[in-house]
Every structure is written in C-alpha cells, then in structure tokens.
Amino acid sequence: GSGEQVINVGLGERYALLGRMAGETVGDDLDLTFEKFALRLAYVENFGLVVRRVPAELPHRKGQLLRAALAHIFMPRVLFPDKAALPSDSELTSLYTANIYIMYMTGTSISLGYMTELYIDFGYAGVALAGIILALLIVGICVAFAWVVEDPALVLALSSSCLLSVRLFETSLPKLLGGVLSIFVVQ
C-alpha cells in the first residue's frame with residue numbers, strides 16, 4: 001500500500017498467497033491469464049498500438065529518440081551538470097499507445113522498448129536497420145573480446161554478459177545502449 005517497490009511480506013506469506021490465487025483461478029480466468037502472460041512475454045501489444053498511431057496520427061521523430069539516448073550516454077552528468085533528465089518511459093508509452101491509464105500507475109515504469117522506439121524514430125526501416133546494427137554490435141563485441149582473451153569459453157562468457165540486455169525488447173534505448181556500453185567498458 002506504500003506505492004513503493006518494496007517487499008514487506010515474508011517469503012512464506014508470499015508463497016501462501018500465490019498458492020491461494022492459483023487455486024482460485026480456473027477456466028476462462030486461466031485462459032485469460034495465459035493470454036496476458038504470452039502477450040507480456042512477446043512484448044508486441046504496445047508495438048501494435050504504436051504502429052496504429054505512427055505515422056497516421058503522430059509523425060515519425062526522425063531520430064530524436066536515438067539522438068537523445070546517445071546524448072544521455074556520452075554526456076556524463078559530471079561534465080554536463082545541466083543535462084536534462086530522461087523523459088519518463090511511462091509518458092512516452094502513454095503518448096504513443098494512447099493509453100492514458102499508464103500515467104496513473106504508481107511504483108512502476110512502462111517502457112515501449114528499444115525496437116518500438118526505433119520504429120517511432122524511423123519506421124519499419126529503422127527496426128530492420130536496428131536488427132542489422134545489433135547483429136554487428138554482437139559480432140564486434142565478440143571480436144573485441146577475442147582480441148584480448150585467448151580462451152573461447154571466456155570470450156563467450158564476457159560477450160554473453162555484455163549483451164544480455166539486448167534480448168529484453170522492453171528495454172528503452174538509453175538503458176539498452178548505456179547498459180551494453182557500461183558493461184563492455186567495465187569488463
């Protein structure tokens with residue numbers, strides 16, 4: 001009830017509640033639950049809503065989201081103390097899906113995901129180009145680690161940990177690019 005993302009209930013109570021809820025879910029409820037779960041895993045519902053609105057109602061942003069993500073990453077706040085904060089993921093999602101209820105959800109942030117943000121910027125060509133660039137990024141990171149590490153298993157481990165966030169389509173552009181770059185530099 002605090003609106004915070006904190007756990008105030010013991011593990012035993014959580015398992016008991018989960019068991020009760022699972023026991024109460026039957027028939028149509030179970031079908032609807034699996035459908036919602038599958039949509040959440042696929043992360044395509046919001047993308048579909050955005051495709052309906054862009055460019056029919058809202059124009060493509062011609063790279064604004066990508067430029068903002070790159071500026072956020074390459075302009076450290078230590079050197080640029082007046083750098084603007086990133087816009088809320090939920091605000092962007094609400095605007096492009098026309099779902100205003102997202103703005104009233106507290107304690108969470110709903111992102112469109114990097115592929116959807118690239119669609120907003122560049123359309124289908126941007127999504128296709130992003131796939132190619134991500135493939136080149138993966139190869140580049142693997143090659144970079146292979147140059148400095150001789151053990152193929154270690155190259156695979158370093159590359160995998162660095163690119164783990166790419167598999168999460170719900171990650172926003174600044175978080176995806178910043179995360180991959182940060183992990184790569186640290187490793």
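Which residues of helix H9 are buried?

The model is predicted: local features need pLDDT of at least 70, side-chain atom pairs count only at pLDDT 80 or more, and totals for chains, interfaces and linings use all residues. Residues are numbered from 1 along each chain as its sequence is written, and side-chain values use heavy atoms, with hydrogens and water left out.

**Figure 1. The whole protein has 9 helices and 0 strands.** Helices (H or I, at least four residues) and strands (E, at least two) are DSSP runs, numbered from the N terminus. The order of elements from the N terminus is α-α-α-α-α-α-α-α-α. The C-alpha trace spans about 55 × 45 × 35 Å along its principal axes. The protein has 187 residues, and 27% of them count as buried. Buried means under 20% relative accessible area, exposed over 50%, and partly exposed in between (1.4 Å probe, protein chains only). Contact means heavy atoms within 4.5 Å. Among contacts between residues at least 6 apart in sequence, 63% join residues at least 24 apart.

**Figure 2. Helix H1 covers residues 11–24.** H1 has 14 residues. From first C-alpha to last, H1 reaches 20 Å, close to the 20 Å expected at 1.5 Å a residue. The expected span is 1.5 Å times one less than the number of residues. H1 is hardly covered, with 0 buried residues among its 14.

**Figure 3. Helix H6 (residues 114–122) meets H9.** Two packed helices are described by the angle between their axes and the distance between the axes. The axes of H6 and H9 come within 8 Å and cross at roughly 120°. H6 is therefore oblique to H9. Axes are lines fitted to C-alpha atoms, for helices over the stretch in contact, and angles run from 0 to 180 degrees between N-to-C directions. Angles under 35 degrees count as roughly parallel, over 145 as roughly antiparallel, 65 to 115 as roughly perpendicular and the rest as oblique. H6 brings Tyr114, Glu117 and Leu118 to the contact; H9 brings Leu173, Pro174 and Leu176. By class, this contact has 5 nonpolar, no polar and 1 charged residues. Ala, Val, Leu, Ile, Met, Phe, Trp, Tyr, Cys and Pro count as nonpolar, Asp, Glu, Lys and Arg as charged, and the others, Gly among them, as polar. Threonine 116 also sits in H6. At 3% relative accessibility, threonine 116 is buried. Beyond its neighbours within four places in sequence, threonine 116 is in contact with Phe47 and Val50.

**Figure 4. Helix H9 packs its buried residues against other helices.** Leu173, Pro174, Leu176, Gly178 and Val180 are the buried residues of H9. Their packing partners are helix H4 (64–74), H6, helix H7 (124–148) and helix H8 (152–163). H9 has 14 residues and reaches 20 Å between its first and last C-alpha, close to the expected 20 Å.

**Figure 5. The whole structure holds 2 salt bridges.** A salt bridge is a side-chain nitrogen of Lys or Arg within 4 Å of a carboxyl oxygen of Asp or Glu. One joins aspartate 89 and lysine 175 at 2.6 Å, N to O. Aspartate 89 lies in helix H5 (residues 89–97) and lysine 175 in H9 (residues 173–186), so the pair ties together parts 86 residues apart in sequence. Aspartate 89 is buried at 12% relative accessibility. Lysine 175 is partly exposed at 46%. Glutamate 57 pairs with arginine 53, and the closest N and O atoms are 3.0 Å apart. Glutamate 57 is exposed at 53%, whereas arginine 53 is buried at 16%.
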